[in-house]
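I opened my notebook to see how the pieces of one protein chain sit together. Here is what I looked up, entry by entry.

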Amino acid sequence: MNFPAILKVAMRALGRNKMRSALTMLGIIIGVGAVIAMVSVGQGAQHMVQNQISSMGSNMLYVMPGNMVMGGASMGLGAASTLTDEDVIAMQREIPTVAHASPVVRSSGQLVFGNQNWFVQIQGTNAQFPEIRSWNIQQGEFFTEADVQSAARVIVLGKTVADKLFPGMDPIGQSLRVRNLPFRVVGVLEAKGQSMVGQDQDDTAVMPYTTVQRKLASRTIPVIGQAMVTAVSEAGSKLAEQQIADLLRQRHKIAAGETNDFTVRNMADVAATSAQLTTIMTLLLGSIAAISLIVGGIGIMNIMLVSVTERTREIGIRMAVGARPNYIRLQFLTESLMLSLMGGLIGIVLGSSISRGISGLLGWPTLVSGLSVFVSFAFATMIGIFFGYYPAHKAAALDPIEALRYE
């Protein structure tokens, strides 16, 4: 007995009952295909979430004013005006782990150009906004620090806003109105797409934060809604977070043991939490799909037991002419393994096709990785060996004389 001979006999035995072999493989095919498809959906979702977090800016930290308590009731994060633009300037000047920092003052308003108008959320920032948010300019240029100092009436439009207000036109240099005040369009941001919550990031407008404070919000004190900060590296974001907290406690004269009047939120923590959740979802989907592989393995065991019963006389003849029990065991194990391997290969093709179909028809992001293909195929192989061993052992343990007598 050699392997080519064993393989030849196994293929002949499986080909003798083609329909039964195909139905037996169906459980493995569905199992492998389902594992690959479900894992690809989970990994696609994980990849999309990570990309969206990255699109918000690398090594990002958000600093927000703290909570305020009135009448024993918490008013929520940002209720107190405890953050100023001087705090942001101090962060960049005094903290070596901070690469860029910008105050953020938000407002909203109707943008009007000719007979076109569009209601938009307005972000007031400084000139470092493109570096902080990793958001390039598609047309024109971003406003300068001189514009910030002079509270110039200049505006940079998101792609959606530019398309709505200036269809088929070059918006650069055009003048539009915001609350009846004229603003000059100096730039258009690159398209960024939707955020994690499905919000259109391009439906925005950016102008100097001083302009928003003085001319839209009419604020007489330099308080800001929040600050955007980037660390010099991802590894340094934790240290930057701690140094920002220490600096603000010092500037706000917060005594030891007192609660901070601000909050620092590290986007690296958000990314880690999102990655953990999507990994759990991927494992859950893969585990549910893997159950069908086990069901397919039970089907292999059932058919192989039937095959042993049908071929009992054949087994007796082979033992009578000198076949050892190990050879018989190996023969039936090979047949079981061939069923799982062929089912696994077809399942890989099916799973990849389903993944592409899900992405094309439903628009869900999918990602078929080599690891998921390898793991599902290896699991199918182990299923074939595990569930094929008992029938193979039963065949090898038959008494030759009793097997020859079997009708």
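Entry 1: I began with helix α3, whose buried residues pack against β1 (60-65), β4 (98-113), α7 (209-216), β11 (226-231) and α8 (237-251). Contact here means heavy atoms within 4.5 Å. Helices (H or I, at least four residues) and strands (E, at least two) are DSSP runs, numbered from the N terminus. I then looked up which residues of α3 (85-94) are buried, and found D85, D87, V88, A90 and M91. Buried means under 20% relative accessible area, exposed over 50%, and partly exposed in between (1.4 Å probe, protein chains only).

**A note on the source.** I am reading a predicted model, where local features need pLDDT of at least 70, side-chain atom pairs count only at pLDDT 80 or more, and totals for chains, interfaces and linings use all residues. Residues are numbered from 1 along each chain as its sequence is written, and side-chain values use heavy atoms, with hydrogens and water left out.

Entry 2: Which strands pair with β4? I noted β11, antiparallel to β4 with 6 bridges, and β5 (116-125), antiparallel with 9 bridges. I also noted β8 (175-178), antiparallel with 2 bridges. Two strands pair if DSSP finds at least two bridges between them. For each pairing I wrote down a bridge:

- S102 has M228 in β11 as its partner.
- S108 has Q121 in β5 as its partner.
- L111 has V178 in β8 as its partner.

β4 and β5 form a hairpin with 2 residues between the strands, and G114 there takes a positive phi near 60°.

**Entry 3: on to β10.** Strand β5 also joins β10, this time parallel, through 5 bridges; T125 is bridged to P208 of β10. Strand β7 (154-157) runs antiparallel to β10 with 2 bridges, and V156 has V206 as its bridge partner. Is β10 (204-208) enclosed or open? I found 5 of its 5 residues buried, so β10 is largely enclosed by the rest of the structure.

**Entry 4: helix α2.** I looked up Q43, which is found in α2. The side chain of Q43 makes a polar contact with the side chain of S369 at 3.0 Å. (A polar contact is a pair of N or O atoms within 3.5 Å; within protein, one must be able to donate a hydrogen and the other to accept it, and residues adjacent in sequence count only if both atoms are side-chain atoms.) Leaving out residues up to four places away in sequence, Q43 touches T282, L367, S369 and S372. My last stop was L26, also placed in α2 (18-55); L26 counts as partly exposed because its relative accessibility is 40%.
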